[in-house]
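Me: I should like to learn how to read a model of this kind, feature by feature. Where should I begin?

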Amino acid sequence: MILYFLSLVLLVMGLYCLIAKKNIVKKIIGIVIAEYSINLFLVLVGYRHEGIAPILLKGMQTEELVQKGVDPLPQALVLTSIVIGLGTLALMVALCLRMYEKFKTFDMTKINTLKG
Amino acid sequence: MDRLEQEIKDTSKGMTPIVKTVVRFVIGIIVIFGVYIVLYGHVTPGGGFAGGVILASAYVLLTLAFGKEMGLSKMSNTGASLLDNSGALMFVIIGLLGYTGGYFFYNFLGKGDPFQLFSAGSIPLANIAIGVKVTASVFAIFMALSIFGRFIYKAAEGDESESEE
Amino acid sequence: MEIILLFLMAFMIIGSIIAIETKNLLSSVISVGVVGFSLSIVFLMLGAPDIAITQVVVEILILVVLIRATITTDNTAIEGPRDSFPFVSSLIFFGLFLMFAFFAVQELPKFGEPLMRVSSEYLRTGTEKTGATNIVTAILLDFRAYDTLGEATVLFTSIVGAFVILRRKGRKGKREIDQEKFGILEDEDIKQNFEGF
Amino acid sequence: MQTYYPLFTAIPLAAAFLNLLLSKISMKVSDYIAFLVTGILAVMSVKMLFEAPFIYAVGNWRPPFGILLVSDGLSSMMLVVINLIAFLAVIFSMKYMSTYTAKPKYFSLFMLMIAGMNGVVITGDMFNLYVFLEIASIASYALVGFGTGKKELEASFKYLILGGVASTAVLFGIAFLYSMTGTLNMPDLAQQLEVIGMTRTVGFVVALFLMGFGLKASAVPFHAWLPDAHPSAPAPISAMLSGVLIKALGIYTIMRIMFNIIGKDELISAIIMFLGAISMVIGGLLAVGQKDFKRMLAYSSISQMGYVLIAIGLALKPSAEPVVASLALIGGLFHLVNHAVFKSLLFLASGAVEYRTGTRDLGKLGGLIKKMPVTGAATAVGSLSIAGIPPFNGFWSKLIIILALFRGGYWVYGTVGVVVGFITLIYFVMLQKEVLFGKLPESLSKIKEAPFAMVLPLVILAVLCLVMGIGYMAIEGQMLDSAASALLDKMAYMNYLIGG
């Protein structure tokens with residue numbers, strides 16, 4: 001339980017960084033941390049005590065894998081989610097660089113021209 | 001090899017000769033490892049995505065060590081985007097080929113024996129498609145970002161900065 | 001096992017606190033790297049070698065990109081007093097969130113004992129049905145290949161998006177637009193308007 | 001049609017990839033690809049209206065193991081809305097986007113966005129929904145920043161930040177659900193949650209989903225990004241974002257999850273109704289003072305989505321009479337369709353005006369009805385519809401929602417609905433006065449009617465406004481009824497697991 005909770009703490013820290021920090025790069029870091037937390041949570045959810053990786057090795061019976069293997073589905077989800085995170089990050093960094101070129105600063109409070 | 005030797009001695013571009021020499025030896029191993037990860041994704045840990053990123057990071061390493069001209073000489077931005085598009089298209093086509101079995105994304109090839117390279121039907125094909133796609137797109141995005149990053153300071157006019165695919 | 005995991009997670013939390021609070025952007029980015037690499041160790045311990053590999057290589061890439069982004073630009077810290085209202089309100093909001101989360105987490109299945117209603121079937125018949133011995137790949141590229149198509153598309157989308165954002169000129173110059181709108185080529189204007197069909 | 005259900009995402013995806021490949025050869029080809037593909041999708045989606053509900057197992061994997069696609073009344077309705085508006089927006093873009101560079105990339109992103117929305121609407125799998133939600137969102141972030149001006153970039157960044165929060169919240173919700181039930185399949189989830197009941201964890205998940213999808217739908221406490229993002233995008237994209245995207249990613253997902261998976265609940269109903277009410281009021285009040293054509297429309301979107309949310313909330317109330325619930329739901333769905341039509345009409349009209357005059361500042365416009373009669377007339381029809389003037393469609397949907405609220409005993413919310421209706425009327429009269437009538441500024445004396453490719457979608461949408469208003473019973477009764485009954489019948493949805 002405490003492990004689940006700690007990953008939620010990590011999420012909250014990421015979101016805090018995302019919302020409260022003024023620096024654009026810090027905001028990106030916030031999103032990256034939030035993504036770590038969700039990936040961590042998913043993998044934790046799929047773990048089993050004394051579990052083995054969900055890969056059938058040579059000479060291993062399927063029954064052994066069923067008995068001991070950790071949940072493979074969250075792992076597939078996490079792989080997808082890592083890629084999505086990478087995509088978001090690429091777009092964010094591109095936006096961030098472009099904004100730096102236009103505004104000559106990373107400070108969100110100075111960039112603020114729109115009223116919201 | 002002559003050109004590579006020259007590149008290594010040329011201190012105006014990229015990092016120090018030590019880094020360049022090490023990179024020269026390591027790069028082949030990284031590429032082979034990446035290809036292995038892509039091809040054997042259905043048997044061992046790894047797969048198209050991880051392998052693709054490894055392959056792309058070989059290019060990234062080359063670019064960091066030798067300067068962007070070296071990286072671009074191996075794969076131009078246009079080539080990268082072509083590969084990117086065709087990798088993605090290939091994956092959709094694999095999905096559509098499933099209609100030969102009656103369903104979208106039906107595994108239309110024979111299963112084969114487990115633990116072999118040519119087994120698991122369309123999975124290795126899909127791995128290759130994704131590997132190509134990821135390599136190209138990660139390389140393209142790295143090039144675009146790093147070239148653009150430099151141009152913020154230089155603000156010089158150059159055709160690379162066009163970052164049009 | 002759980003002790004080591006707890007230790008690593010505490011390490012990650014400390015790393016992210018440093019990443020969030022430090023003034024220097026470069027140290028901040030490197031602290032994120034620390035968190036990411038610890039994460040991949042955690043993945044390895046939790047029986048997820050596939051993700052561990054991916055996490056390591058993606059982490060390297062994220063670091064390279066982020067360092068590139070920050071190192072070529074102005075690296076000075078953004079000073080100025082912290083606005084107290086958003087700070088306090090976000091603390092309250094996140095405090096409440098964590099409180100609810102704490103209760104919500106209690107009712108989940110215990111750590112180490114997942115339900116695996118659907119997934120045990122993957123483990124049992126995955127190799128037989130798809131021919132792949134790596135069950136994660138079997139799920140990724142066969143059972144849920146449609147998701148993976150989406151995943152590849154997300155990457156594609158963000159690459160195209162990044163190129164779009166980074167392109168040198170967003171709109172055409174005023175002269176080009178005027179030419180098109182008010183027509184130096186007055187006669188062809190009508191022709192052009194119907195051309196799209 | 002059943003066999004080809006996945007093509008709703010496969011075609012636009014393949015077209016998006018192919019488009020960039022072929023545009024290396026010729027720039028012109030991307031226009032035709034986009035036109036053709038969205039045209040085909042529009043025809044396919046209309047055909048879907050006449051299909052009975054069915055399920056499709058991707059890769060022929062039995063439902064809880066593979067990904068399930070579900071077609072029922074609601075998803076057919078959403079498909080029609082998405083693909084028709086997208087088709088018209090593409091026609092509009094052909095001419096409009098010539099003022100921007102990189103047109104092939106624009107069309108690629110456009111088609112990726114359509115693919116994402118179609119994917120969200122047709123799927124029956126939680127994680128698949130998340131993936132396609134991300135495709136649509138990421139494409140829309142890039143499209144908002146398409147002009148790469150200062151304002152566009154800033155709006156896009158804000159949108160991305162809040163969108164990132166939304167995605168994280170949604171994915172955490174999905175992870176919690178998976179941990180609780182061990183499945184991702186939506187009908188299966190519905191069955192499992194029926195057994196578990198409303199525990200604290202389910203409540204937490206609902207909170208996460210309301211936050212995540214509420215951000216996408218831009219309900220009021222989460223609305224900060226919309227008034228920046230929607231006006232900054234190119235006009236056809238504004239039309240897509242306001243007209244379709246917030247509905248497909250926000251409202252549709254809320255409806256699907258709350259009705260078909262979580263089930264009716266008093267508290268959720270109260271929360272959604274409250275969110276709807278404050279969205280209505282705050283969006284309406286903020287719209288009144290706006291000086292920017294598109295910004296006013298964006299605030300009005302928040303306000304109009306409030307109507308839909310409040311109707312959904314009422315229908316979610318377990319103790320509401322079935323008649324009231326279905327009346328509210330039909331009203332809400334009707335308003336959703338109507339809003340898609342008239343808001344995209346208005347945004348496209350604002351694009352046509354901007355294309356000719358070069359400004360969106362209401363102070364600098366005026367008297368355009370003489371110079372641009374067709375655009376002007378279409379704008380007038382659109383604003384009369386949204387303000388709820390009788391023969392047009394907006395009147396009927398608002399009337400149904402308000403009637404349902406009064407019949408359900410919600411006098412306060414009903415009155416709020418009427419008052420906000422008047423506020424809407426006020427600011428759209430103001431808009432008409434500033435743009436269409438009044439004195440024509442000197443600087444605009446030389447402008448002429450917008451090009452044909454821009455006028456045609458406007459005319460089609462304006463005609464739709466009128467037709468849907470007059471022929472509500474004939475045209476839409478069937479579509480809305482089946483959509484509403486798909487939502488209200490949770491049992492039927494759960495039975496999709498076994499192929500019913």
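Reply: Begin with confidence: pLDDT is the predictor's confidence in each residue, from 0 to 100. It applies here because this is a predicted model. Where pLDDT is low, the predicted coordinates should not be read in detail.

Me: Which element of chain A has the lowest mean pLDDT, and which the highest?

Reply: Helix α5 of chain A, residues 108–111, has the lowest mean, 76, and helix α2 of chain A, residues 24–46, has the highest, 90. Over chain A the average pLDDT is 85, and 97% of the residues score at least 70.

Me: How many helices and strands does chain C have?

Reply: Chain C has nine helices and zero strands, so the order of its elements from the N terminus is α-α-α-α-α-α-α-α-α. Of its 197 residues, 46% are buried. Among contacts in chain C with a separation of 6 or more, 39% join residues 24 or more positions apart.

Me: What of Val463(D): how many other C-beta atoms lie within 10 Å?

Reply: Val463(D) belongs to helix α18 (residues 452–470) of chain D. The number is 13, which means that Val463(D) is partly exposed. Its C-alpha atom is separated by 33 Å from that of Leu69(D), 394 residues apart along the chain.

Me: How should I describe two helices that pack together?

Reply: Two packed helices are described by the angle between their axes and the distance between the axes. In chain D, helix α12 (residues 293–316) and helix α13 (residues 322–357) pack at an angle of about 170°, with their axes 8 Å apart. Angles over 145 degrees count as roughly antiparallel, and α12(D) and α13(D) are therefore roughly antiparallel to each other. Their contact has 15 nonpolar, seven polar and two charged residues.

Me: Where in helix α10 of chain D is the kink centred?

Reply: The kink, of about 45°, is centred on Lys247(D) in this helix, which covers residues 235–262. Because 28 of the 28 residues of α10(D) are buried, the helix is largely enclosed by the rest of the structure. Gly263(D) follows α10(D) and has a positive phi, near 100°.

Me: How many residues of chain B are in contact with chain C?

Reply: There are 51 residues of chain B in contact with 37 residues of chain C. The elements giving two or more residues to the chain B side are α3 (48–66), α5 (77–97) and α6 (123–154) of chain B. Of these, α6(B) supplies the largest share, 19 residues. By class, the chain B side has 27 nonpolar, 17 polar and seven charged residues.

Methods
Residues numbered from 1 in each chain as written. Chains lettered and ligands numbered in written order. Predicted model: local features only at pLDDT ≥ 70, side-chain atom pairs only at ≥ 80, totals over all residues. Helix = DSSP H or I, 4+ residues; strand = E, 2+ residues; numbered from the N terminus. Buried ≥ 20, exposed ≤ 12 C-beta atoms within 10 Å, placed from the backbone. Contact = placed C-beta atoms within 7 Å. Bend = angle between axes of the 7 residues up to and from the residue. Nonpolar A, V, L, I, M, F, W, Y, C, P; charged D, E, K, R; others polar. Axes fitted to C-alpha atoms, helices over the stretch in contact; angles between N-to-C directions. Parallel < 35°, antiparallel > 145°, perpendicular 65-115°, else oblique.
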